[in-house]
Amino acid sequence: MNVTKRDYYEILGVGRDSDDKVLKDAYRKLAMECHPDRNPGDHTAEERFKEAAEAYSVLSDGQKRAAYDRFGHQGVPSAAGNGFDAAGFPDLADILSDVFGFGDPFGRGHAGQRRTRAQRGEDVRYDLEIAFEDSMNGLSIDIQVPRMEECGRCSGKGAEPEDGLTTCPICRGRGEVIYQQAFLSVRRACSQCGGRGQIIRRPCKECKGEGYLRRERKLKVNIPPGVDTGTQLRLSQEGQPGANGGPPGDLYVVLKVTPHPIFERQDHNLHCTVPINPAQAALGATIDLLTLDGLQTIKIPEGAQPGSMLRIKGLGMPHVSGSGRGDLFVHLDVRIPSKLSREQRRLFEQLRDLLPAENEPSGKGIFNKVKDYFM
Ligand SMILES: [Zn+2]
Ligand SMILES: [Zn+2]
């Protein structure tokens, strides 16, 4: 309908490669300048305001912007063709509320809805530290959670039952005040009653007018085996209460697992280090290792190298899903005695004379040895 439709970038006065922030700033500036509330009766300002809103709605949407860049106005369906459609303009309400200090200027929704709109309560986070063993075996534990509960005396209204409330004299019970200006109908929540339409004449004795009481609640938390630091358990609807009949939020128990002095977790595997002496390394040995599953007899093979490890299947952490467990890796730390008795010295001297001395430098060898491991 409009052959002389202006370029969107030109309308906002920005370059074609502007990022979102530049676009938003430019649009905000224009919206402030041309807003009909600031230019009552000025038709040109109103047109520029609509134009800017249309340009911004297209350019702030990645897909629409790409289409516009390729095909121009043909590429995007016109939003301003037949009057102003507020729903098509993202961020407009946001920006206007930033700029002018009120909410949705187009009054979507009715006063009645606004006042009693159900709102879901907030989610609550509860941090819980548990022992390493408990993260392995699972745990059922009671926690005390402070939360707000609706006051029973006033059903959350904050006023004495019977005669505590009275109709708001400013909005006469509507909960909002309407300003009509140019093509905008601006609805604003009544500041006197906070949009409720009623004001408290006599505050509830129980909650002092708050409508809510702080209560400690005991909750049972079932922690499954295999959880780790950062695992979140959601307790549905145990968060803060909703408003106007909305559902409560959720409670998230966020776990921290105390590190174990011996066993270190990596994914679902556990790692520990066991010192052995050179004779055990050379000859092999059978040792008893106290694992988290009790005493285990472990066979160290003949010729175990420093840095090698043993893998014990199924003694790692359980999977939270309940299917199977990781493995336990035992790292062998071959320790050379630093103090020798007379007898030990004699035997080492014999060994020295019998063992081949391989003292050629071999840089790579060291790293290859570390990779050894026994199943
Ligand atoms: Zn009011
Ligand atoms: Zn109360």
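User: Why does Cys193 count as buried?

Analyst: In this predicted model, Cys193 has a relative accessibility of 1%, and since buried means under 20% relative accessible area, Cys193 counts as buried. Cys190 is likewise given as buried, because its relative accessible area is 1%, again under the 20% limit.

User: How do you know which geometry the site of the zinc ion (ligand 2) has?

Analyst: The donors there are the SG atoms of Cys151, Cys154, Cys204 and Cys207, lying 2.3 Å from the zinc ion (ligand 2). Their angles run from 104 to 116 degrees, and because the tetrahedral class requires angles between 85 and 135 degrees, the site is tetrahedral. The spacing of these donors in sequence is C-x2-C-x49-C-x2-C.

User: Are Cys204 and Cys207 buried or exposed?

Analyst: Cys204 has a relative accessibility of 2% and Cys207 one of 4%; with the limit for buried set at under 20%, Cys204 is buried, and so is Cys207.

User: What makes the pair of Asp163 and Arg202 a salt bridge?

Analyst: The N to O distance between their side chains is 3.0 Å, and a salt bridge needs a side-chain nitrogen of Lys or Arg within 4 Å of a carboxyl oxygen of Asp or Glu, so the pair of Asp163 and Arg202 qualifies.

User: Which residue forms a salt bridge with Arg311, and why do the two tie together separate parts of the chain?

Analyst: The partner of Arg311 is Asp327, with the closest N and O atoms 2.9 Å apart, which is within the 4 Å limit. Arg311 lies in strand β14 and Asp327 in the loop between β14 and β15, so the pair connects parts that are 16 residues apart in sequence. Arg311 is partly exposed at 25% relative accessibility, whereas Asp327, at 10%, counts as buried.

User: Why is Arg125 called exposed?

Analyst: The relative accessibility of Arg125 is 54%, and because exposed means over 50%, Arg125 counts as exposed. The side chain of Arg125 also meets that of Asp127 in a salt bridge, at 2.8 Å from N to O.

User: How many salt bridges does the rule give, and which residues are linked in a network?

Analyst: The count comes to 27 salt bridges, and Arg147, Glu149, Arg215, Arg217 and Glu238 are linked in a network of them.

User: Why does Ser135 count as buried?

Analyst: Ser135, which lies in helix α7 (residues 132-137), has a relative accessibility of 1%, and because this is under 20%, Ser135 counts as buried. Residues that Ser135 touches include Ile130, Pro224, Val257 and Met317.

Technical notes: Residues are numbered from 1 along each chain as its sequence is written. Chains are lettered from A and ligands numbered from 1 in the order in which they are written. This is a predicted model: local features need pLDDT of at least 70, side-chain atom pairs count only at pLDDT 80 or more; totals for chains, interfaces and linings use all residues. Side-chain values use heavy atoms; hydrogens and water are left out. Buried means under 20% relative accessible area, exposed over 50%, partly exposed in between (1.4 Å probe, protein chains only). Helices (H or I, at least four residues) and strands (E, at least two) are DSSP runs, numbered from the N terminus. Donors are N, O and S atoms within 2.8 Å of the metal (3.2 Å for Na, K and Ca); water is not among the atoms, so sites may look incomplete. Four donors count as tetrahedral if all angles lie between 85 and 135 degrees; four count as square planar and six as octahedral if opposite donors are over 155 degrees apart and all others between 65 and 115; anything else is irregular. Contact means heavy atoms within 4.5 Å. Lists of a residue's contacts leave out its neighbours within four places in sequence.
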